[in-house]
Amino acid sequence: MCEGEGTNIVLDDLVYAEIDERMVKFHMADVSAPVRKSRMALRELENQLEDDGFLRIHNSFLVNMSYIAALQTSGVTLTTDQTLPVSLHGYKTIKTKYMAWRGRG
């Protein structure tokens, strides 16, 4: 569970988080659910969730790897049919981390 300024979020339901005007927006698997927000740095959230299967794919996006359908230099396609940008500069590291996560036990 992720907590921030009164926001409790079940991590299994969190598809991705994005930073927007100094607010982190939490996008859930249930697309009809309202987008929750918390005033925090995305880096802080990344540090909290790095051991829980979350991957920073771009300066603005932190993704739950369980929801990644495809990872390409053109972007990350999610199982929710959304596509997010991926950092070209960090693509090699991102791919390495994702492949290591996929190959785990």
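The residues that line the largest pocket of this predicted model divide into 6 nonpolar, 6 polar and 7 charged, where Ala, Val, Leu, Ile, Met, Phe, Trp, Tyr, Cys and Pro count as nonpolar, Asp, Glu, Lys and Arg as charged, and the others, Gly among them, as polar. The volume of this pocket is about 410 Å³. Of its 19 lining residues, Glu46, Leu55, Arg56, Ile94 and Lys97 are the closest to the centre. Two or more lining residues are given by each of helix 1 (42–49), strand 6 (54–58) and helix 2 (91–102), and the largest share, 5 residues, comes from strand 6. A pocket is here an open set of points, on a 1 Å grid over the protein atoms alone, where a 1.4 Å probe fits, with protein on both sides within 12 Å along at least five of seven lines, and lining residues have an atom within 4 Å of a point. Grid points are joined across faces, edges and corners, and the volume is the space filled by probe spheres set on the points. Helices (H or I, at least four residues) and strands (E, at least two) are DSSP runs, numbered from the N terminus.

Residues are numbered from 1 along each chain as its sequence is written. In this predicted model local features need pLDDT of at least 70 and side-chain atom pairs count only at pLDDT 80 or more, while totals for chains, interfaces and linings use all residues, and side-chain values use heavy atoms, with hydrogens and water left out.

In helix 1, the buried residues (under 20% relative accessible area, with exposed meaning over 50% and partly exposed in between, for a 1.4 Å probe and protein chains only) are Leu42, Leu45, Glu46 and Leu49. Because they cover an arc of only 105° around the axis, they lie on the same side of helix 1, the arc being that of the directions from the helix axis to the C-beta atoms. Glutamate 46 counts as buried because its relative accessibility is 16%, and, not counting residues up to four places away in sequence, this glutamate touches Arg56 and Leu62, where contact means heavy atoms within 4.5 Å.

Histidine 58, which is found in strand 6, is partly exposed, with a relative accessible area of 26%. Leaving aside neighbours within four places in sequence, histidine 58 is in contact with Pro85, Val86 and Ser87. Histidine 58 and glycine 90 are 32 residues apart in sequence, and their C-alpha atoms are 8.1 Å apart in space.

Strands of a sheet pair through backbone hydrogen bonds, either parallel or antiparallel. In this model, 3 strands form an open sheet in the order 8-9-10, with antiparallel pairing, and its edge strands, strand 8 and strand 10 (83–84), each pair on one side only. Two strands are taken to pair if DSSP finds at least two bridges between them; strand 8 (residues 68–72) and strand 9 (residues 75–78) pair over 4 bridges. These two strands form a hairpin with 2 residues between them, and leucine 71 has valine 76 of strand 9 as its bridge partner.

The loop between strand 3 (14–20) and strand 4 (23–28) holds glutamate 21, and arginine 22 has its place in the loop between strand 3 and strand 4 as well. Although glutamate 21 is not a glycine, its phi is positive, at about 50°, and phi of arginine 22 is near 65°, also a positive value in a residue other than glycine. Glutamate 21 counts as exposed at 73% relative accessibility, and arginine 22 counts as exposed at 69%.
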